[in-house]
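Here is a walk through one structure, taken a piece at a time. Keep the viewer open and click along as you read.

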Amino acid sequence: MIHHANHIRPSRDGLKVGGHQASCASVATLLTALYFDVLAPEDRVAVKPHGSPVYHAIQYILGRLDRDALANFRALGGVQAYPSRTKDTDDVDFTTGSVGLGVGATLFASIAADYVRLHRLAPDRGRKGRMIAVMGDGELDEGNVFEALLEGWKHDVRDLWWIIDYNRQSLDGIVSDRLFHKIHDFFKTVGWRVEILKYGKSLQRAFEGPAGGALRKWIDDCPNDLYSALTFKGGPAWRQRLQADLSGTSGLKTFLDGFDDGGLDELMTDLAGHDMATLLAAFHGVTDDAPRCFVAYTVKGFGLPLAGHKDNHAGLMTVAQMERFKQSMGIPDGAEWRPLANLGVPEDELARFLESVPFNRAPGRRYADVKIAVPDLADARSAGAKTSTQTAFGRILGELGKGKSELARRIVTTSADVTVSTNLGGWVNRRGLFARQVKEDVFKAEKVASTQKWEKGPGGQHIELGIAENNLFLLLGVLGLSAPLFGARLIPIGTVYDTFIARGLDALNYGCYQDARFMVVATPSGLTLAPEGGAHQSILEPMIGMSQSGLSYFEPAFADELAWIMGWSFDHMQAAEGSSVYLRLSTRAIEPPERRIDAALGGDIIAGAYWQRPPAPGADFAIAYTGAVAPEAMDAFEQLRDDLPGAGLLAVPSPDRLHAEWSGAAKGGRARGGGRVCHVERLLGRLAPDAAIVTIIDGHPATLSWLGSVAGHRAYPLGVTAFGQSGDIPDLYRLHGLDADAILDACANACLDRVRRRP
Ligand SMILES: Cc1ncc(C[n+]2csc(CCOP(=O)(O)OP(=O)(O)O)c2C)c(N)n1
Ligand SMILES: [Mg+2]
């Protein structure tokens with residue numbers, strides 16, 4: 001596949017296609033053992049990113065992928081560079097690519113699988129699947145792997161295997177030997193069984209023969225870089241080195257004379273990760289559900305001329321090398337794509353074998369579940385009262401927690417140690433914390449008064465995490481795939497301080513790329529959190545909300561908007577063409593508008609914007625705002641009305657959805673002659689062609705500045721561009737130019753500009 005993509009398929013752009021022959025060669029035996037023998041259909045696997053071609057080749061042999069997909073490796077519509085749930089067609093379980101994340105995902109998937117099982121949400125399939133990561137040793141440098149390990153220990157994870165392709169090389173070079181001893185200890189510390197799979201059967205036999213003890217000690221003491229270099233150099237180099245290092249050892253000559261150079265090379269690279277019998281014995285030998293780490297020694301580039309070279313990560317075999325390789329495998333010209341060419345076994349026997357492969361027995365491995373009905377979500381208590389969107393969120397969830405709706409049964413919440421401060425406490429009091437074993441709330445038992453009742457047990461619906469936002473998003477990602485992975489739809493909701501989204505951003509992106517469906521409730525946000533601290537202010541997150549694909553971002557100002565958005569979101573998270581949802585909320589209490597949201601207004605809120613005060617037809621002026629700065633926008637607007645009676649006030653609860661529809665239209669709809677006018681064009685079409693719009697958000701001003709481009713208006717964007725000063729709201733809004741005075745100044749500038757521009 002890789003050779004074809006790089007040397008045979010014509011290139012149109014002259015760019016290297018790439019692929020990782022050395023990484024593939026090191027993992028080929030491991031994946032073969034798993035997919036053709038060890039795995040059951042309900043097991044779920046994360047395959048190391050650069051093993052993608054091997055994974056897909058296996059699916060091809062199993063009849064789950066066609067040849068075109070292989071031949072189009074890394075081309076549009078073909079097999080992806082790295083295994084992808086959403087873009088590959090052969091049923092990838094966990095996307096990988098950003099190293100470490102697929103590994104962590106399997107750990108959280110094991111928690112999610114237990115959650116579904118203990119809540120009895122899916123039909124019993126008789127056997128619980130194992131969650132398995134086949135990972136590169138370089139992945140163990142990623143901190144998220146260790147964050148996950150600790151969390152897994154707290155949650156007592158089961159049926160989880162991490163199989164390390166220990167080729168002692170990453171991208172730039174050789175993995176440190178000393179580091180690996182630490183890693184080994186670390187797994188033990190968190191209660192994992194560690195199994196070292198080091199020697200293949202031939203080496204094991206050699207250890208029994210002449211000079212065997214000395215040979216074994218030499219290999220055990222050999223530094224990773226030397227082993228790799230000798231592997232690359234081959235038989236003569238092994239011989240020379242062993243002669244020098246073991247000179248005087250009794251039996252050495254007999255041992256070395258027993259092998260020609262090729263044979264010696266084969267022996268010295270006979271590591272367990274390439275020995276089928278050793279691997280099968282290790283995997284089938286597992287009879288309990290304890291988490292397990294297999295350290296499988298391998299050679300990067302095993303069997304290829306690239307073997308062991310420290311620069312082999314992106315190395316590609318030349319045409320001549322591939323020709324020789326093909327001959328050595330006995331593959332005739334024209335048989336390159338024949339799945340089972342030259343295996344020396346009759347075709348019908350092979351066909352029977354493939355039919356009997358356990359992994360291949362289930363026709364489909366992607367499950368589905370029914371759609372969960374969404375009840376009305378009004379926040380009755382905050383109606384008419386000054387309230388913040390964060391408080392309203394807590395109340396809406398608390399109300400759901402009291403009820404018996406199916407939606408409430410399917411909701412699972414999680415938070416990285418900010419459950420209380422993001423107002424999830426009421427929900428947790430009603431629904432409890434999830435744990436495999438019951439654990440009473442000691443404070444309650446000891447009659448210590450507390451508003452938080454933290455009872456733990458298998459029926460709990462909140463998964464409490466330690467402070468690690470990567471873990472939060474990895475967990476949300478797998479909970480959000482619970483329907484296809486485990487057959488039970490969950491409605492996951494995670495809370496986080498807005499600014500710490502950045503801390504887990506790659507895992508958030510990872511979840512969205514897998515088309516996982518979850519709700520991220522980010523609060524408090526912006527500098528509106530005020531005295532709580534400059535270091536917690538968030539500025540760039542609205543831009544994440546705008547640009548993250550697979551995520552719809554809302555930033556409502558009022559409780560009634562929030563309730564409407566949440567109701568819509570729970571449907572949208574379940575829709576085939578839906579997405580995950582990000583709600584950027586605030587702790588600032590705001591006077592609510594007197595209204596009932598009807599279907600028309602609700603539709604506009606979801607589309608992203610509505611005229612809170614409609615402009616007069618052809619008005620020259622509007623203020624557009626998002627979120628918690630609503631009072632300043634309204635205040636400035638009232639003051640302005642004396643001078644500009646026709647001005648409008650535009651509420652923008654979702655800059656993201658508003659922009660997405662518009663930019664989609666700009667890219668396709670109109671150009672194709674559809675003539676479709678999008679929501680924001682309709683709204684802004686009420687203004688004069690040369691009108692000015694002052695935009696304001698407690699976040700980066702670019703979030704709304706594009707509004708000026710929709711109909712050629714002039715935009716004056718206000719927002720936050722500097723980070724980190726504590727203060728109260730009046731001081732901070734003045735400092736950053738978000739108060740009514742700043743808005744009025746921007747309005748005055750806009751008026752002056754218009755006068756100057758008019759002919
Ligand atoms: C988060 C992230 N950073 C960097 C990379 C680039 N990268 C791709 S593979 C790799 C090294 C992987 O080494 P290892 O896990 O040992 O894989 P193998 O030796 O099996 O190829 C790196 C740094 C990446 N894919 N993801
Ligand atoms: Mg490696």
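This is a predicted model: local features need pLDDT of at least 70, side-chain atom pairs count only at pLDDT 80 or more; totals for chains, interfaces and linings use all residues.

Residues are numbered from 1 along each chain as its sequence is written, chains are lettered from A and ligands numbered from 1 in the order in which they are written, and side-chain values use heavy atoms, with hydrogens and water left out.

Let's go to ligand 1. It has 17 residues around it, and Ser23, Lys48, Asp137, Gly138 and Gln169 come nearest (a residue is near if one of its heavy atoms lies within 4 Å). Sorted by class, that shell holds two nonpolar, 10 polar and five charged residues. Here Ala, Val, Leu, Ile, Met, Phe, Trp, Tyr, Cys and Pro count as nonpolar, Asp, Glu, Lys and Arg as charged, and the others, Gly among them, as polar.

Now for the polar atoms. A side-chain N or O atom of Asp137 sits 2.6 Å from an oxygen atom of ligand 1, and a polar backbone atom of Gly138 is 2.8 Å from a ligand oxygen. A nitrogen atom of ligand 1 lies 3.1 Å from a backbone N or O atom of Val99. On its own, ligand 1 exposes 590 Å², and the protein buries 76% of that (areas by the Shrake-Rupley method with a 1.4 Å probe).

Asp137 turns up again at the magnesium ion, ligand 2. The ion is coordinated by Asp137 (OD), Asn167 (OD1) and Gln169 (O), at 1.9 to 2.1 Å. Donors are N, O and S atoms within 2.8 Å of the metal (3.2 Å for Na, K and Ca), and water is not among the atoms, so sites may look incomplete. Along the chain, these donors follow the spacing D-x29-N-x1-Q. Asp137 lies in the loop between strand S2 (131-136) and helix H6 (143-154), and Asn167 in the loop between strand S3 (160-166) and helix H7 (177-189), so the pair ties together parts 30 residues apart in sequence. Helices (H or I, at least four residues) and strands (E, at least two) are DSSP runs, numbered from the N terminus. Asp137 and Asn167 are both buried; that means under 20% relative accessible area, with exposed over 50% and partly exposed in between (1.4 Å probe, protein chains only).

Back to the rings. The count comes to 20 aromatic pairs, where rings of Phe, Tyr and Trp (its six-membered ring) pair if their centres lie within 6.5 Å; planes under 30 degrees apart count as stacked, over 60 as edge-to-face and the rest as tilted. One of them is Phe146 with Phe186, edge-to-face at 5.3 Å centre to centre and 90 degrees between the planes. Phe146 belongs to helix H6 and Phe186 to helix H7, so this pair ties together parts 40 residues apart in sequence. Phe186 counts as partly exposed, at 29% relative accessibility. Trp162 and Phe187 have ring centres 5.9 Å apart and planes at 90 degrees, so they too are edge-to-face. Trp162 is in strand S3 and Phe187 in helix H7, 25 residues apart.

Notes: A polar contact is a pair of N or O atoms within 3.5 Å; within protein, one must be able to donate a hydrogen and the other to accept it, and residues adjacent in sequence count only if both atoms are side-chain atoms.
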